Amino acid sequence: MEGWESGRFQLPAKQLSLTRGPRVRISPPPPRKNVELNPIERRYRALVETGREVRKLYPANPNDEGISFPGEVLSRCYTDYFRAQEYRPDPKGLRPAREAIATYYTEQGAAVDPERILLTSGTSESFFYLFSLLAEPSDNILTPTPSYPLFDEIARLAHVQLKPYRLDEARAWAIDLDSVREAINERTRAIVIVSPHNPTGMVADVGTLRQIAAIANERGLPIICDEVFSEFYYGPGSFPRAIAVAQPDLCFTLNGISKMLALPAMKCSWIAMTGEPKRVAVAVDRLAHIADTFLSCHYPIQRALPTILTRGKSFLESYRAEVAQRRATALEILYTCPALRFHPPMGGFYLMAEVTKGRWQDENDCICDLLTQHGLFPHPGYFYDHEQGIHLVLSTMLEPNRIQEGLTRLCAAVTSS
Ligand SMILES: Cc1ncc(COP(=O)(O)O)c(C=O)c1O
């Protein structure tokens with residue numbers, strides 16, 4: 001194992017995953033997988049070309065589903081900005097924005113120092129920064145499977161291997177801790193937790209978070225907690241956050257206003273870093289260096305963030321209630337369907353249901369048939385790397401008429417198949 005080469009830090013071996021010198025890349029990213037259209041996408045496009053209407057059952061963009069942050073709050077912030085324009089960027093993001101994020105965590109019982117928060121233009125970018133920071137080509141990072149598909153592409157661009165650990169469907173998609181332990185090898189550089197999880201709706205409980213933190217600490221590994229759906233928690237008590245309930249030696253908590261405040265277009269997310277002060281300091285410094293290269297987070301939104309987080313509280317309350325109501329409607333309909341088995345999601349915008357009856361051979365057969373015969377388009381499990389039986393990924397936050405009509409038709413189609 002090599003040391004930290006820039007000479008700015010002299011740290012013991014345990015911190016080496018954060019302490020690598022500049023890296024020289026001589027190869028392009030490995031080729032993309034699945035560049036050919038899959039049969040489902042081919043069928044969908046062919047149907048749409050003929051003018052056939054197709055009801056998509058997986059979308060979860062709040063704006064497309066009739067939920068929008070109050071425009072007047074944003075326009076006031078933007079008007080203020082454009083009346084007195086300035087641009088004095090900070091690689092980590094403007095300090096008042098970081099303070100507002102720290103306050104958000106304080107109000108939820110978790111302490112984060114504003115100096116250890118870094119703004120990005122999206123959680124996908126946060127992952128890209130972190131994968132680039134933590135791993136060298138041929139190092140690996142542990143991610144859950146099933147999983148939302150962006151990880152593959154981000155890892156490919158960052159020249160990092162992903163190693164899957166299992167979510168156990170029989171236990172409501174709980175994290176299989178043995179598979180986490182088994183997946184770790186000498187090239188592992190981090191463990192990613194997505195909670196609430198896309199697409200299963202699993203939320204890691206306190207015990208699980210503590211055990212993962214213990215595994216990570218024992219191996220000197222950081223954990224990366226994707227909490228973009230944390231405001232949409234349907235379980236008992238308050239949402240379990242690793243940084244509040246466990247003691248990871250190094251933890252990167254990811255969130256942003258895309259899901260939290262239904263503002264995907266505003267491109268503002270963050271990485272909050274907590275843990276052993278020395279390791280955190282190295283991480284902050286290195287990430288600030290990466291961020292300084294791009295300064296990607298839109299400046300006016302950084303200026304607006306304190307107002308958005310404060311003034312957005314009442315909106316968030318009604319938004320959460322609306323999403324919870326839609327989920328309840330979805331579950332009510334799906335419970336009437338004897339051919340579907342699922343665990344009610346404990347958080348987030350999705351669930352994954354297993355088709356337990358029917359004449360379909362596999363997921364391609366199932367979805368192509370639903371498309372052609374019924375004009376319905378759920379996603380198959382294999383889009384999320386789940387390749388057992390036939391699974392459908394469904395959004396539980398479709399606009400009320402769509403959820404009612406779409407899921408009722410889906411149940412009828414699956415039951416009659
Ligand atoms: C679990 C999860 N994390 C991160 C993201 C990306 O979030 P952002 O919109 O902040 O890039 C998504 C997008 O759907 C997601 O589902």
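pLDDT is the predictor's confidence in each residue, from 0 to 100. The legends below describe a predicted model.

View 1. Residues 19–24 keep a pLDDT under 50, and the model has 10 contacts beyond four places in sequence for them. The stretch of residues 1–17 also stays under 50 in pLDDT. For residues 1–17 the model has 23 contacts beyond four places in sequence. Where pLDDT is low, the predicted coordinates should not be read in detail. Over the chain, the mean pLDDT is 93, and 92% of the residues reach 70 or more.

**View 2. The two domains and the side of domain 1 that touches domain 2.** Domain 1 is made up of residues 39–67 and 314–416, while domain 2 covers residues 86–311. Taken over C-alpha atoms, the centres of the two domains are separated by 27 Å. The contact involves 25 residues of domain 1 and 24 residues of domain 2. On the side of domain 1 that touches domain 2, α12 (313–334) and β11 (350–355) each supply at least two residues. The largest share of that side, six residues, comes from α12. By class, the residues on this side of domain 1 are 15 nonpolar, seven polar and three charged.

**View 3. The open sheet of eight strands.** The strands follow the order β2-β9-β8-β7-β6-β3-β4-β5, and their pairing is mixed. Strands β2 (117–120) and β5 (174–175) stand at the edges with a single partner strand each, so one side of each has no neighbour in the sheet. Leucine 167 has isoleucine 175 of β5 as its bridge partner.

**View 4. Helices α3 and α10 lying across strands of the sheet.** Helix α3 (residues 95–107) lies across β2 and β9 (269–275) and runs at about 115° to β2. Helix α10 (residues 277–294) lies across β2, β8 (250–256) and β9. The angle at which α10 runs to β9 is about 160°.

**View 5. The shell of residues around the ligand.** The residues around the ligand include Gly122, Thr123 and Ser124, together with Tyr148, Val194 and Asn198. By class, the shell has four nonpolar, seven polar and one charged residues.

Terms used: Residues are numbered from 1 along each chain as its sequence is written. This is a predicted model: local features need pLDDT of at least 70, side-chain atom pairs count only at pLDDT 80 or more; totals for chains, interfaces and linings use all residues. A residue is near a molecule or strand if its C-beta atom, placed from the backbone, lies within 6 Å of it. Ala, Val, Leu, Ile, Met, Phe, Trp, Tyr, Cys and Pro count as nonpolar, Asp, Glu, Lys and Arg as charged, and the others, Gly among them, as polar. Two residues are in contact if their C-beta atoms, placed from the backbone, lie within 7 Å. Domain bounds come from an automatic or database domain assignment. Helices (H or I, at least four residues) and strands (E, at least two) are DSSP runs, numbered from the N terminus. Two strands pair if DSSP finds at least two bridges between them. Axes are lines fitted to C-alpha atoms, for helices over the stretch in contact, and angles run from 0 to 180 degrees between N-to-C directions.
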